[in-house]
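I opened these notes to record the salt bridges I looked up, entry by entry.

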Amino acid sequence: MGKYFGTDGFRGEANITLNVMHAFKVGRFLGWYYGQKHKAKIVIGKDTRRSSYMFEDALSAGMTASGADVYLLHVTPTPSVAYIVNSEDFDCGVMVSASHNPYYDNGIKVINGNGQKLEADLEEKIEKYIDSEIDTLPLATRDQIGRTVDYQIGRTRYIGYLMSQATRSFKGMKIGLDCSNGSASSVAKVVFDALGAKTFVIHDTPDGTNINRGCGSTHIDSLQEFVKEQGLDIGFAYDGDADRCLAVNEHGELVDGDSIMYLCGKYMKEKGELPNDTVVTTVMSNFGLYKAFDRCGIKYEKTAVGDKYVYEAMCLHGYGLGGENSGHIIFSKNATTGDGVLTSLKVMEVLLEKKTKISMLLSDLQKYPQLLVNIKVKDKIKARLDEDVQKAVKMVEQKLGDDGRILVRESGTEPLIRVMVEAGKESLCEELTQEVITVIKKKGHAVAE
C-alpha cells in the first residue's frame, strides 16, 4: 500500500484526508498520462454520497485541463465502470466511492483500460505528483482542452449486460433487495423486475447522507427481518457502490461470501465450469469452508485480504471463481471485478436449476465460530508490529493449536486494526480476541471513542 492508495483506491474523510485538490491532481495526472499519444477518453461513475458530486467535478476539471474528454455515468455501481472501460473504447475509468464506509468518507478508485484495478507502479506515480510542489504537467489550450459528456447510456448498457447473464426467468420468485441507499438503487430493481421476479426493495431512497446507514451488506439485520416479514424466497444486500453482495435465506439467516463461494463453486464444478476445480479465497475465509471444499473435491488458494489480490491470483492461474467473505465475489468469465448484482444473478441460477431453497443447498456447510473486532488506532502499522501485541498473538496461537486460528491485520481502507479469532466455541473466540485487544489498548495504540 502507498501513502494515499490502499487496497481499494484513495480513501478518506471528504475534505479532511481526501480533498478536492487531491481529486483535481489525480484527474490532471490521468488526463495527461493517458493522453500522451492521443486524446484520452476517461469515464467517471459515482455513488450517492453528498461529496461524490464535488469529487466528480474536481476530477473532471483536472482531466479536461490536461486535455482528456470525460464521460459521466453519474450514480452507478463500481462494476459498471469496469464493464464500460473493458467493453468500450476508454483509456481508464474512475469510480468516486468509499464503498461500505459511512457517508462522510469518500474515495477515488481508478480502473485501468482492461477494467482492472490500477497497477501499483502507476498509483505510485500519481502519489508523487500529488505531493509535488511544482506542477510540471502541461495544460491543454485552445481546441485541445477536454470536454465532459453525459454518458448515462453507458449505465443502460451495463444493465442490459446484467440481464443477458440470467439463464432463466425469475417468474414466481419473491426476492428482497437492500440497495444500501447507494449505487444499487440505480440498477438492481430494474434488472430483477425485467427478469420477472416479484421484487421487494428497501433502502433505495438515497439523500446523500444515508448511504450504508443501518442498511446494506454491512447491516444485514435489516434485510433479515424484511425477508421473514414478507415471506420472501431470498434476499440480497449490497454495499454503497454495489460491488459486494451478501444474501439472506428464506428463514432470514445470513448467507455470507464464503457460503456464496461454496454454493457457486460446487455448482460450477458439477457443470464442468470451474477451471482446475479451484476457488480463490482470502485468509479471512472460514475453516468450515475449506473442510466443505475438501469433501466435494474443490481445491483452493488463499490470498491477502482485498479483491484486487483475489483477481490477480485468478488471472495468474486462469481460475474462474474467487472472492471474500465480505461479499466481493468475482466470476472472471463475466467480470473483471466484484459485482454485487451479478453475484445475485449467479446465486439465482443455482436456486432455479436445483429447484430448492438455498438453506437446503447449504445444509452441509458447517462454519467454525468466528469473531472479528475492529479497533480504531492512531497508527495501524505500529500497532500491529508492536512487540507486545505480537507476543499476545503468539500466545493465542499456542492456545488454539490446530483447532482454530487468529489473524491480526490492518485495514487497507480505514485506520483500523482487525482482530479475528476462529475457535471451536464462541466463548473462546471472545476470550482470546479480548486478550489481544487489551494489549493494543494498554500500549496506547487505540483511539478513544
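I began with the network: salt bridges link Asp 8, Arg 11, Lys 109, Lys 117, Asp 241, Asp 243 and Asp 307. I counted a salt bridge where a side-chain nitrogen of Lys or Arg lies within 4 Å of a carboxyl oxygen of Asp or Glu. The model is predicted, and local features need pLDDT of at least 70, side-chain atom pairs count only at pLDDT 80 or more, and totals for chains, interfaces and linings use all residues. Residues are numbered from 1 along each chain as its sequence is written, and side-chain values use heavy atoms, with hydrogens and water left out.

I then noted the total, which is 29 salt bridges in the structure.

Next I looked up Arg 11 and found its side chain in a salt bridge with that of Asp 8, at 3.1 Å from N to O. Arg 11 is buried (under 20% relative accessible area, with exposed over 50% and partly exposed in between; 1.4 Å probe, protein chains only), at 10%. Asp 8 is also buried, at 6%.

I turned to Asp 243, whose salt bridge with Lys 109 has its closest N and O atoms 3.5 Å apart. Asp 243 sits in the loop between β10 (234-238) and β11 (245-248), and Lys 109 in strand β6 (residues 105-111), so this pair links distant parts of the chain, 134 residues apart. Helices (H or I, at least four residues) and strands (E, at least two) are DSSP runs, numbered from the N terminus. Asp 243 is buried at 1% relative accessibility, and Lys 109 is buried at 2%.
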